[in-house]
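Colleague: I am new to this structure and would like to go through it by question and answer. Please show it first.

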Amino acid sequence: MSKQLYALGELPPLGEVPEKMNAWLIRPERFGKPTEAFQKEVVNTPSIADDEVLVYVMAAGINYNNVWAGLGIPVNVIAARNKAGEPEDFHIGGSDASGIVYAVGKDVTNVKVGDEVVVHCGTYSRNCEWVKKGGDPMYSPTYKIWGYETNFGSFAQFTRVQGQQCMPKPKHMNWEEAAAYTLVAATAWRMLHGWGASSIKKGDVALIWGGAGGLGSMAIQIAKAVDATSVAMVSGEDKFDYCMKLGAKGCINRNDFDHWGMLPHWKDNAGYAKWLKGVRSFGAKIWEVLGEKRAPNIVFEHPGESTIPTSIFVCETGGMVVVCAGTSGYNATVDLRYLWMRQKRLQGSHFANTVQCNEMNELALRGQLDPCLSRAFTYEELPLAHQLMHDNKHPHGNMSVLIGATGFGLGASGKPAVTMVHPTLPKGDVHTTPHPYPMSEPLPSIEEAQALTIADDGSKVRDLMHMGIISCTPDDTIGTVAKIMVEKEIHAVVVMDGQGKAIGVVSQTDMVLARQGRTPDQARAMLASQVMTPGCATCDADMLLSDAVSLMTGRRMHRLVVTEKEQPVGVISMTDVVRKIIGE
Ligand code: NAP
């Protein structure tokens, strides 16, 4: 071994692995904004297992995962790994790379020292029983995203990867281009191609959210490659040209519509009618762009909460909405009538397996996939690239950073089989929407029944409840119920049947929803049984107040009927809890 450490950009002789390497490290003591969390350090070059490969990194892709890793939220990735038995007290991020193979484990057969590769970020244990039986590794409990959930990602001179992660680098791409597309393109590939009969095919129509974004720009090209027609969603007309050059038939500016967000309640006639008007005009816009009255067979989803209701509504009967993220929020609402009556599929999707990554890469090798690199950075600018992302000031498209490559534009050694368009984004384009959570969300599992530490002062429902029940009969009119509410200054009336059993509650919200879309006389004539929320939610007077609050919020209710020995004796409401906050 001639040298212990090579300077950045000084390529070690092929196959010679120095003991130490330069890297950008995140450490727990400096969790925070990227410009502080990432620091340059020299660390030991990792050793490899029999199924692993050591890649000399020429360039690395940038994505949100390592903004979150640097912040230490929602997961301290270092602590999580230490808990799982890995000793390193630092994290080297980076989940996309281009580079040269420098060492291979004895069981690796798909690459050899000297090969130029791109690296996909899906890892799993080859000893996993599920994988050994031929199951999709994406469903393996051992599945992890390299460079986020695993250490020794691509923000260092050498990265440790599994052999199956390595794929041939497209010769026509330079290092920074080759490092930019794999994560997003493979995710888009599985979304569009991974779902059997619902997968995209020639002649299909695809609606693609965020068409100028990382995933969307790949999805447009993947759809084009099978002769499907795509309609791209963007937030400004200045991005139309970009998406159309990538292959979209047309684009829609989402800012021309305002029906986004959760669905109005299905009992809210007026609100629902307004939403329907919005979503229908959006559907008509899709027809206008297509030049024919066709609905999308596939909707390519990731904004989530704000767009899912629309995506499900406009999707063709028997079609699929496929979703890999909830950038705008996770509580997506679904009008189930459209899902079951029109037999649509709402399909979750996460990254891609080895086969799918390689299928996607074939497209890149043939020159049919532009990496949509919007900005490349120098090694020194790695924290800046993440800081721009953190501050939401980064351009659309994909970004990468040079690691071992000594300059921009190096590493290309051939021409693509087809001529590439290389569209560019409008000058000065930056994101306008909040950046998303990491692509791997820590989900509570049934097995990990760890007790969460929560503060609870032990208050009981009986400490705050109002004694006595104000009730009406199922046959009372809304006019009568309204009078009771106003005279007694209460927000809800319990509906009791002939046997004195509580069978429902008429709340102010129920009353207001009954009035929506009806004349005052029509609304007043309705019966309590028609507008009540059936099945009176109850809690025992000795229930913990915190449990009663969870019951209310979980069922979207503002009050519960309180029982003692199963007999209704009073009411506890959100207002009571708010009063308690003042009193504390
Ligand atoms: P990106 O480059 O930021 O593009 C996403 C685009 O979506 C935005 O640029 C924006 O475009 C559009 N958008 C944002 N908020 C929206 C909203 N409320 N309604 C409609 N459109 C909205 O991000 P990306 O790389 O494409 O990734 C998208 C999401 O997928 C992220 O949450 C990411 O973490 C996730 N992801 C998941 C996986 C996985 O395997 N599960 C893999 C990769 C990425 P306009 O403003 O032009 O509309």
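Modeller: A residue counts as buried under 20% relative accessible area and as exposed over 50%. Keep in mind that this is a predicted model.

Colleague: Is Phe351 buried or exposed?

Modeller: Phe351 is found in the loop between β15 and α12 (354–365). The cut-off for a buried residue is under 20% relative accessible area. Phe351 has a relative accessible area of 1%, so Phe351 is buried.

Colleague: What is the phi of Phe351 near?

Modeller: Phe351 is a residue other than glycine, and its phi is positive. The value is near 30°.

Colleague: Is Gln343 buried or exposed?

Modeller: Gln343 lies in the loop between α11 (336–341) and β15 (345–348). Its phi is near 50°, a positive value in a residue other than glycine. Exposed means over 50% relative accessible area. Gln343 has 61%, so Gln343 is exposed.

Colleague: Which residues touch the most other members of the largest nonpolar core?

Modeller: This core has 107 residues. Its largest share, nine residues, comes from strand β3 (residues 52–62). The residues that touch the most other members are Ile92, Phe155, Tyr181, Cys243, Phe351 and Leu369.

Colleague: How many residues are in the second, separate core?

Modeller: This core includes Leu207, Trp275, Leu276 and Val323. Its number of residues is 26.

Colleague: Where is Pro74 found?

Modeller: The peptide bond from Ile73 to Pro74 is cis, with omega near -10°. Pro74 is found in the loop between α2 (65–71) and α3 (77–83).

Colleague: How do the residues of the contact of α18 with α19 divide into nonpolar, polar and charged?

Modeller: The crossing of these two helices is left-handed. On the α18 side the contact is made by Leu545, Val549, Met552 and Thr553, and on the α19 side by Met574, Val577 and Lys580. These residues divide into five nonpolar, one polar and one charged.

Note on methods: Residues are numbered from 1 along each chain as its sequence is written. This is a predicted model: local features need pLDDT of at least 70, side-chain atom pairs count only at pLDDT 80 or more; totals for chains, interfaces and linings use all residues. Side-chain values use heavy atoms; hydrogens and water are left out. A crossing is left-handed if the near helix is turned anticlockwise from the far one by less than a right angle, and right-handed if clockwise. Helices (H or I, at least four residues) and strands (E, at least two) are DSSP runs, numbered from the N terminus. Contact means heavy atoms within 4.5 Å. Ala, Val, Leu, Ile, Met, Phe, Trp, Tyr, Cys and Pro count as nonpolar, Asp, Glu, Lys and Arg as charged, and the others, Gly among them, as polar. Buried means under 20% relative accessible area, exposed over 50%, partly exposed in between (1.4 Å probe, protein chains only). A nonpolar core is a set of buried Ala, Val, Leu, Ile, Met, Phe, Trp, Tyr and Cys residues joined through side-chain atoms within 4.5 Å.
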